[in-house]
Amino acid sequence: MSAALKSIPALLLMLLLAGCGHTRSSQPYFEPPTPPQGKALVYMMRTQVIQGSFYDSVFSINDSAVVGLNEQTYSWVLVSPGLHKVSAGQHPHPRNVFLNLSVEPGKEYFVEYTQENMVEMVRVRDAKEGKAMVKRYSYIPVK
């Protein structure tokens with residue numbers, strides 16, 4: 001067998017491992033600070049995904065990347081009131097799934113990126129359900 005053919009399995013393994021670059025966290029849920037007056041708290045959560053599970057899902061607000069999350073991780077940001085576009089995907093891209101989130105000061109919002117039947121989506125969870133979810137997830141800080 002030629003040397004080139006012998007190196008193909010090693011090359012394929014390296015490519016596979018390069019795609020497994022997750023942001024890791026072992027920090028459990030903690031209570032975030034109370035939002036200052038005029039701000040709201042927006043949690044971003046990633047549940048289990050099948051397609052693209054080797055990659056972090058990058059959350060963006062108004063087309064600015066905020067954080068990369070992997071399976072069962074979350075983060076949060078303080079946001080000003082108003083209408084905000086929240087999107088997620090393997091990297092920031094105009095065609096990522098998104099929702100328009102109408103934010104009111106002093107409230108908490110729980111935005112989840114998930115896949116159901118191989119269809120990716122971003123949705124808002126109600127506060128009780130969202131809080132229960134993040135308490136089981138690991139925290140990754142925004143950068």
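The structure is a prediction, in which local features need pLDDT of at least 70 and side-chain atom pairs count only at pLDDT 80 or more, while totals for chains, interfaces and linings use all residues. Numbering starts from 1 along each chain as its sequence is written, and side-chain values use heavy atoms, with hydrogens and water left out.

The protein chain contains 2 helices and 9 strands, assigned as DSSP runs (helices: H or I, at least four residues; strands: E, at least two) and numbered from the N terminus. Read from that end, the order of elements is α-β-β-β-β-β-β-β-β-α-β. Of the 143 residues, 38% are buried (under 20% relative accessible area, with exposed meaning over 50% and partly exposed in between; 1.4 Å probe, protein chains only). The chain exposes about 8400 Å², of which carbon and sulfur atoms supply 58%; accessible areas come from the Shrake-Rupley method with a 1.4 Å probe, and for residues only the protein chains shown count as cover. Among contacts (heavy atoms within 4.5 Å) with a separation of 6 or more, 65% join residues 24 or more positions apart.

Helix H2 spans residues 127–134, and its buried residues are Gly130, Lys131, Met133 and Val134. Viewed down the helix axis, these residues fall within an arc of 160 degrees, so they line one face of H2; the arc is that of the directions from the helix axis to the C-beta atoms. Their cover includes strands E1, E4 (73–79), E7 (108–116) and E8 (119–125). At the start of H2, a side-chain oxygen of aspartate 126 comes to within 3.1 Å of the backbone nitrogen of lysine 128.

Threonine 47 sits in the loop between strands E1 (40–46) and E2 (57–61), and is buried at a relative accessible area of 9%. Beyond its neighbours within four places in sequence, threonine 47 is in contact with Glu71, Gln72, Glu112, Tyr113, Thr114, Met133 and Tyr137. With threonine 114 there is a side-chain to side-chain polar contact of 2.6 Å (a pair of N or O atoms within 3.5 Å; within protein, one must be able to donate a hydrogen and the other to accept it, and residues adjacent in sequence count only if both atoms are side-chain atoms).

Two further loop residues have positive phi without being glycine. Asparagine 62, with phi near 50 degrees, lies between E2 and strand E3 (64–69) and is partly exposed at 39% relative accessible area. Glutamine 72, with phi of about 55 degrees, lies in the loop between E3 and E4 and is partly exposed at 40% relative accessibility.
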